[in-house]
Amino acid sequence: MAEDGMSVNWHENERSFLSGEQVSLAALYTEPVIIQKKKKGSFRKISVDELVCLHIGLYNPTIILQGNSGSGKSFIAQKIMLDWASEKMPRFDLNFYLRYEEVKCISEEMSLIELLSLNCSLSSDQISQMFQNSSQRVLFIIDGLDDLDELTFMYHEFCISSPFQRAPPEIIICSLLRKQILPRSFLLITTRSEVPQGLLGQKRFSKIVGFSEKGVEEYFQKFFQDKELFREVFKYVKANESLFTICSIPVICCIICTVMRERFSDGADAISGLETTTSIYVDFVSTLLEHHCQGLSQSVPTLLRSLGQLAERGMMEQQVLFDEKTVNETVSDPAGNPFLCKFLCKRRIHQETMFSFMHLSFQEFFTALYYVLLDVEESQRKVRELLHTVERGWVLSCWSDRDFSMADVEARHAKLLQPVILFLCGLCKKEWIPSFFEKLNMAVAVNIETQLKEWLNHCSQRYQNEHMLFILHCLYELHEKSFIGKVLEHLVSIDLSNVPLKNADCWMLQFCLQNCVNISNLKLNITSENLKIFQTALHSCEKLWMKVDHITDEAGDLISALGEGKIVKELIIQDQEGSKSRKKRKSFCQEIIASVENEDVTLSVCCSKMIPSSLISELTLTCSRHDISSVNWRIFLQKLHRSPRSQDPSLDELFPLDVLRSVPGLKKVHIQTFRWTVRWNPTILSLVQALPSLNELRINAAVSFNPLKDIQSLRESLTQTGWTLNVWRKSMLIERDRKGFTVSQLKTIKTENIESKRAESPSGQSSSGDAEVFTPDHFQEDDEDKHKNTYRFVCPHAGQFRCSLTNLVFVTEGEGEVLYKTVTWDPHVLVGLGQMQPAGPLYNIDCSHGSISRLHLPHCEISEENNDGLAVAHFVGDNVEIIEPLKVTESHVIIDIKDLSSFGLVWIKSIFGIPIRGQVLLFLRNLTLERKKLNIHLLPEDVPVSEVQSRHWDKKYIETSSKCHLVPYQKYSLCCQPEECEVQPMTEIFECNFGPNYHPTFEVFLDANIEEVRLGILEGGKEVWNRRRIFLTEPSKGVEPPEHRRIQETEFVKTHEDELIQRVSSVMAIADSLKSKKMITGEMWIKIKTAEPQPRKMRDLLEALDSGGASVKAEFYKLLKDNEPYLVNDLESGPSGPSPQ
């Protein structure tokens, strides 16, 4: 073992950089919460010991420990070294610790052996001899490997294969990462950065979350060795929730302990002004200035500016170590100034004196302070450049195919600069920070606050997930309630679903939501421990969707909070892993959904198979919103989960029914069960009699209700108590004072039995892919809407036929003419059918011989798990019938049909958060000679392209690879290069649009001379339609515009050229309008104006139209029709051309 050879003596005291005292690392060390990423993307908590011991002996993965600045990565790395040196980690024979920031300081080439000898007291020969033993288990700890963008390039270009081969130290590190050197060794890497794809082979990813509540208390106890002082300080801090929460960040916890010790010793107010991260750092710096700045040769402002200048240089150059010459050029007497000694740590690295800030977070803080202390003009310039750099990095980070040389480097650098913006926001806080500057007689540049607010307001409308989380943290640091409300009130949704929120994130978000009046959608990814924090969110969110690591009974507090006075309309709590995990789980349900409509709350608990003693898989109930708060839903969920284990199993399965007695004002109950048994009858009778407000009890079973005599017995008992019972297939409806099913209930019950009908249907359904493909004739049938296509297909014989334009499949029993077209969904049609909504275009279908027996409608679902949410709406007159599919294939929904009319797919379940197959369609239009516009449409995949083209006949359809996955009601943004192109809107909600008007989702305005753009669609910071090159000069191969439009507008001039020259009298009126729209140049207009006689003017105008293209001719047609309608009608109805009407 190499314990005695380590240059750092891990048994000696570790210097506390804040207090200046010598404190044992082992005595002060408190283990933070570490989570490890599992294969399916979820996380589990692990200990430091588990971090390095899992899978030992099977393979040697690279262990990646990622965490933000100040999260305790280096302390953990040093603790592992200490445990190994203390022989508490015998699984490794050799352990080497490398600080990557020090490795980068080495300029000469050397071998791995030589590099290691520089970092410990062992000679190269001793290390070489140790490596000769192939059975040695070696652990390399590389601490602070943050420059992963540089290594990405080296990783693929350079490597060495021997520990004796000489190379630059960075190449040696890359070779270790690639397992080219000592492939059997173990690697532990600590980093702030995300690891690029493909940089490492087998790896295990873990992340430091910070201290738990118990961890914070443990650290305070170790810091304050005086027990009485510990209890007093901890009581004050814990009473302030925001301050206590921010203590979960280890470095800030240490700072707060130091500040609190000083305040208690001075008798100052314990916690006043300590609300944000910035205020804590300001207080700490202010305290040190008071105690260590007497008798200095330079003023405090000069001292802080010089320290800030050094910090900024390091931030811009991504440098944390500074040589002695650089420091002396910037800071006066760094070693002799007691204040500077607290912040600048002096090190001896490879025979050279180097300096670094005591912690990176202080380098970030002093950079922000430096910008504040500059003169107005310079401060404004610096902050503007900083904000531009960070936002540009955000944009570039969204591209999935960004190359290393530019985009990746900028994206990573931008992330490292974000804390500077955070501190800048905090330094603008009016109530706390100015006293610090006033006390030191320093002026603050007020323009910074304006710059920051404008930037935050702008970015909040463009970005989601990790970028939105940072914006919210900035708003918290500003701590200006009115401004937070102003920024958030413009947001339709906040999506943080891709970012696991830490405890500090949740408290920050709670503060922001308390100052916001209304947010339509809020999507979160949290732990069950933080569920209670978001009760206040129900006051400001219409739809709250939370992905939780596991659902516990604490969700009941959120349900109770749905009472009156809240604006929330839908609450969704989903288990992260769903119900598929076979391992033992803490969750007792897969999903909880609560929706509010007409002052009634409908609560659905999907238990799946997680309650082994219960036959009930899903429970849905409806009660008055007024009564929702009077129920202890936590106890309700506990009882639902912890059904008693009696000696009679039949009693256990009935237990959830008895739980319903605790809900006053219960109106409806819907139970999804695996099977119904006669043992339920007494409980059902007791339940309907015990709940006077109950009007309806519906039971759906996976198998049919048998035997009928048992049903009859229950029916007779219910009739005697004023209730009726009806059974249809696998559904039972029990209702008060009614006779049979209503039409609406029958429709709902039919939809709920889709699965049963599907199971009973013949298994030998033919596939939609086996159909014969045809291209229909299409034309305009009438005058009502000349943009609408009617499709015609003459079926020659019995068989399956698939339309190449709509993807509809007709199964026919003989020949016949099929006419079909899309018609408009009536938004009021599905109102009485619960949460149903259109899932595809509505097709009106007619066949002359009635030979169609089966219909395959294309759908856009991705997952087969969601196929049971599809049905078909059949419209006959004013009535609608919900048809159960015979089968749902990967691409189509298949139904039998008898009567032809209108058919359309519907979703019978909520599609919130469920991705579908989508498409991106592009249409280009020339606006003027100098400008053109590109329309981008986000649509479901089952919308026919031909329908969209016919609606946008006057634009050029640009073919591209259009497929993507989209989530309904999710917020998307468009990225476009070149950057000077104007995009509107910045973000937009994707809604499933099935016509008749296909309005563009985004518009891009660009110069007419631009021939190529690059486009990508983003969901938050993630690409869902990867960036691709779009050529704007190639002709479209899509469907041509309707015939009447081609003649009427684009070919009108050519068809009637001779007549126009002789008969148009309003030449100058038309030319004036075209000139004002910049469709003809000033020179052309002068030529037309000076020409004589009138036919000559018209000839010159026709020449101008020829040079302007189709859009100019279309505009000419419109102007001519406005000025001389009788002439246009005469020409179109005359012998020179067919009538378009």
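Leaving out residues up to four places away in sequence, S604 touches E591, I592, I593, E618, L619 and T620, where contact means heavy atoms within 4.5 Å. The model is a predicted one, in which local features need pLDDT of at least 70 and side-chain atom pairs count only at pLDDT 80 or more, while totals for chains, interfaces and linings use all residues. Residues are numbered from 1 along each chain as its sequence is written, and side-chain values use heavy atoms, with hydrogens and water left out.

S604 belongs to strand β18, which covers residues 600-606; helices (H or I, at least four residues) and strands (E, at least two) are DSSP runs numbered from the N terminus. Because its relative accessibility is 14%, S604 counts as buried, a class set at under 20% relative accessible area, with exposed over 50% and partly exposed in between (1.4 Å probe, protein chains only). Two of the residues touched by S604 also meet its side chain through polar contacts: the side chain of E618 at 3.1 Å and that of T620 at 3.2 Å. Such a contact is a pair of N or O atoms within 3.5 Å; within protein, one must be able to donate a hydrogen and the other to accept it, and residues adjacent in sequence count only if both atoms are side-chain atoms.

Turning to the chain as a whole, its secondary structure comprises 41 helices and 46 strands. Of its 1141 residues, 56% are buried. Among contacts with a separation of 6 or more, 70% link residues 24 or more positions apart.

The largest nonpolar core has 171 residues, of which F220, F366, L488 and M546 touch the most other members. A core here is a set of buried Ala, Val, Leu, Ile, Met, Phe, Trp, Tyr and Cys residues joined through side-chain atoms within 4.5 Å. Helix α17 (residues 360-373) supplies the largest share of this core, 10 residues. Beyond its neighbours within four places in sequence, L488 contacts L472, L475, I494, C512, C516, N518 and I519. Apart from this core lies another, of 58 residues, including Y791, L855, W907 and V1024.
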